[in-house]
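I opened the notebook today to look up helices, a loop residue and surface patches in one model. The entries below keep the order in which I went through them.

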Amino acid sequence: MNAIYTWGAGRRYALSAGGVGLATLLFTQFSADFQVANVALLYLLVVLLVATTIGTGPAILASTLAFLGFNFFFVEPLHSFRVTEPQDVLRLITFLIVAIIGGSLAGRAREQAEAAARAASELAALYGFSQTISAEVDLERILPLVARTVIQLLEVPACTVLLYDSDGRLIERAAAGESRPEPQRRVDAFLRIGQRVLGVLRVTQRALDNPLTRDEHARLEMIASQVGLVLERARLVEEASLTRAQAESDRLKASLLSSVSHDLRTPLSVIKGAVTSLLDDDVAWQPEARRELLSAINDEADHLNRLVGNLLDMSRIEAGVLEARPESVDLAELVTAEVDSICGRWPALDVDATIDDDHAIVEADPIFLARVLSNLLDNAAKAATRTGHPEVEVSVGRHGDG
């Protein structure tokens, strides 16, 4: 029966008239078996049936037609609309009033029940939508869901979500439904947070002559307000994530600066001590001792140069101006060179290097790779020296298909 409410008004009124006509035909066939009062009650039953299945307007039409049919076929004189008996006039007027009032009340009750059912369904859908988006902060998942929900709730052909970018341009972020070639009229609901407009929720009307109702406009504004809150929450979550990332970055930078400051002081102290000793005129340095001090100055200057180079490279990487340039690198040759370098910087260090493949060729940036190996060996040497067992093992080989 609910499908009847989706019919056009003409079809519903025609069905109402046809129902009364069919009932009149049946009543006239069995009129000999019914009293006039029973016929009136049967007509009222038809009117109530029309009211509860088709609507209030068709029920009023059915009441009028039932009144005319009852008067024409069952009230003396038959087959005439004239009424000779006063009691028949009263009976007909009473029948008409009861039929109209009863049909109107029954039709209105049915329409209110239908409206309540639709409202409950819409509220359930809105509640489910609100629960879904309240647990999401990823706009790539939320916005398509918003577009599909609007199409479902408003029964419109298409919906689009547009947001303003950093340059103030309105960019489409999600869309659902189908576009139609014929002229279309669109309705926009602004996505606001206070006085700030974040974007637009745009729907396409069903047809030019079928605009959104006042309730549908209110529903669209309600959805737009919820979407605005979701956008604001997503922005706050993103800002909180950036703040945490910035705080972590600052913490790491402070830790790195503290570590680098210590690393810088060590070669500077060695260089300063060696130079001060060489400049002391009261000491007659032997050539071997002088050469040893100059060698220490040279090694520590190289060490200091590497540290400064690493700091500069880190700043360039953060600025996005330093990019890797991969090429074929002989890994065995590179490792051997770095092991020799670390042994020169740490004379007491015992490095055991095992190279399984003397021709291990890899694709990498040779400068970056050398820096990585140098830093790893430096850290290993420092750790080994602190343990009292200055030994480091280096193993180079292929693992699997890599």
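Predicted model: local features only at pLDDT ≥ 70, side-chain atom pairs only at ≥ 80, totals over all residues.

Residues are numbered from 1 along each chain as its sequence is written, and side-chain values use heavy atoms, with hydrogens and water left out.

I looked up H3, which covers residues 56-74; helices here are DSSP runs of H or I with at least four residues, strands are runs of E with at least two, and both are numbered from the N terminus. H3 has 19 residues and reaches 26 Å from its first C-alpha to its last, close to the 27 Å expected at 1.5 Å a residue, the expected span being 1.5 Å times one less than the number of residues. Among the buried residues of H3 I listed Phe67, Phe70 and Phe74, where buried means under 20% relative accessible area, exposed over 50% and partly exposed in between, with a 1.4 Å probe and protein chains only.

Helix H5 (residues 139-154) has 16 residues, and I read 22 Å from its first C-alpha to its last, close to the 22 Å expected. Its buried residues include Leu139, Ile142, Leu143, Val146 and Leu154.

I then followed the chain to Glu155, which lies in the loop between H5 and strand S1 (158-164). The phi of Glu155 is near 55 degrees, a positive value in a residue other than glycine. Glu155 counts as exposed because its relative accessibility is 60%.

**Strand S2.** Ala175 is found in S2 (residues 170-177) and, at 46% relative accessibility, counts as partly exposed. I also noted that Ala175 and Val161 are 14 residues apart in sequence and 6.2 Å apart in space, C-alpha to C-alpha.

**Patches.** Which residues form the negative surface patch? I found Asp350, Asp352, Glu391 and Glu393; patch residues have over 30% relative accessible area and no salt bridge, with like charges joined within 9 Å and nonpolar side chains (Val, Leu, Ile, Met, Phe, Trp, Tyr) within 5 Å. A salt bridge is a side-chain nitrogen of Lys or Arg within 4 Å of a carboxyl oxygen of Asp or Glu. Glu391 is placed in strand S8 and counts as exposed at 58% relative accessibility.

Lastly, I recorded a nonpolar surface patch of about 390 Å², made by Leu22, Leu25, Leu26 and Phe30, with Leu22 lying in helix H1 (residues 9-29).

Definitions and conventions: Areas by Shrake-Rupley, 256 points an atom, 1.4 Å probe, with all protein chains shown as cover. Lys, Arg positive; Asp, Glu negative; His and termini not counted. Charge placed at Lys NZ, Arg CZ, Asp CG, Glu CD.
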